[in-house]
Amino acid sequence: MDCAIGTKFILVISCILCITMISSSNATPTSTYNVIKFGAKPDGKTDSTESFVNAWKSACGSLVPATIYVPKGRYLLNAINFRGPCKRKVTFLNGGTLVASEDYKVIGNSDFWILFNHVDNLVVSGGKLDAKGAGFWNCRRSGKNCPVGARTMTFNWVNNLVVSGITSINSQLSHLVINTCNNVTVRNVRLIAPDKSPNTDGIHVQYSNGVTINGCTMQTGDDCISIGDATYNIFMSNIKCGPGHGVSIGSLGQKIDEKGVENVTLTNAIFYGSDNGVRIKSWARPSNGFVRNVLFQNLVMNNVENPIIIDQNYCPNNQGCPGQTSGIKISQITYKNIHGSSATKEAVTFDCSPSTPCQGIKLEDINLNYNNKAATSSCKNIGGTSTGTLVPESCLLN
């Protein structure tokens with residue numbers, strides 16, 4: 001009896017080992033490329049740009065999925081272009097801090113600092129990015145002849161992209177740019193710049209489809225998230241915004257021929273002292289663009305200026321648009337379960353175009369106070385409905 005049990009036990013173990021060996025042999029092989037082995041110096045002083053480029057070329061050309069690994073340390077990078085297409089999936093795993101030059105002109109003349117270009121199946125994970133933007137901001141404030149400025153991390157023509165666990169500080173311009181991309185996930189990133197730093201948007205999305213932004217914290221000098229033209233199917237959740245200019249669709253309508261924005265959701269977000277909460281903004285110019293099917297829900301406003309705003313009379317410096325009206329068609333916009341405090345007496349502002357009025361605007365369960373009293377609202381050129389608790393009293397005519 002014991003012999004039989006022992007024989008069965010040996011057979012079971014043998015089967016498990018066999019299955020394990022087969023599973024291991026079927027596992028997808030991967031290659032790892034450590035930037036230090038390509039000559040990168042983690043001292044924050046030695047230019048490591050060429051070393052990173054060479055590591056990228058090796059990973060991008062790999063016949064198996066590849067990882068570029070950045071160990072702990074500080075790595076000085078000038079403007080760098082990680083260009084595809086690559087043969088297989090590439091993971092950029094950063095365990096260190098990437099720093100720009102103290103001289104803002106080094107990256108400021110290039111439009112980008114770190115660019116991923118024409119790559120499919122890309123993961124960018126971890127680490128810290130320090131663009132050292134203060135010198136550039138000071139130049140802008142001084143009115144001197146400044147370079148165009150650099151966005152910290154840009155993705156152009158990237159499909160199947162995951163960006164996670166990144167901290168970006170002191171960007172010259174936008175921190176993350178998603179441009180002409182499909183199937184993108186951005187999660188658990190922190191984007192930080194002083195509240196007076198100009199044009200330091202957290203995440204800017206344009207000409208892209210299928211973008212999910214989740215669990216991100218943004219403290220910036222401009223929009224926490226900005227959504228530009230030709231952007232569809234955007235889902236944002238668990239967002240912390242402020243200081244900054246809020247979450248903005250636009251500005252749109254600067255050009256007459258635009259492709260529009262459609263299917264946008266923002267849910268479960270908190271705004272802290274931002275200049276706006278949720279905003280749709282268009283130039284007061286003729287345009288064939290549109291914004292439709294947008295849902296803003298489950299939002300908390302803490303001392304926010306303009307918690308809910310549609311501004312279709314955007315005309316900075318009164319140049320190129322006085323006397324004109326916006327052609328952007330705004331429709332099917334829902335505001336649901338939004339509460340908290342407004343830093344301005346008028347908490348809800350709908351300033352829509354007289355030539356293209358807003359249609360299908362819905363307010364449901366809004367409770368916004370100003371100095372512990374009910375705030376106010378205003379409506380121009382708008383049609384829609386209101387239900388549930390409404391503070392301030394709705395100006396929509398049901």
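The structure is a predicted model, in which local features need pLDDT of at least 70 and side-chain atom pairs count only at pLDDT 80 or more, while totals for chains, interfaces and linings use all residues. Residues are numbered from 1 along each chain as its sequence is written, and side-chain values use heavy atoms, with hydrogens and water left out.

Let me begin with the helix. Helices (H or I, at least four residues) and strands (E, at least two) are DSSP runs, numbered from the N terminus. Helix α2, residues 49-60, has 12 residues and spans 16 Å from its first C-alpha to its last, close to the 16 Å expected at 1.5 Å a residue, where the expected span is 1.5 Å times one less than the number of residues. Buried in α2 are T49, S51, F52, A55, W56, A59 and C60, with buried meaning under 20% relative accessible area and exposed over 50%, using a 1.4 Å probe and protein chains only. Seen down the axis of α2, these buried residues fall within an arc of 165 degrees, so they line one face of the helix; the arc is that of the directions from the helix axis to the C-beta atoms. On the other side of α2, E50 and K57 are exposed.

Turning now to the strands, two of them pair if DSSP finds at least two bridges between them. Strand β19, residues 231-241, pairs in the parallel sense with strand β16, residues 209-214, over 5 bridges, and here I213 stands opposite M236 of β19. Strand β17, residues 217-219, also runs parallel to β19, joined by 2 bridges, with M218 opposite C241 of β19. Finally, 9 bridges join β19 to the parallel strand β21, residues 261-272, where the bridge partner of K240 is I270 in β21.
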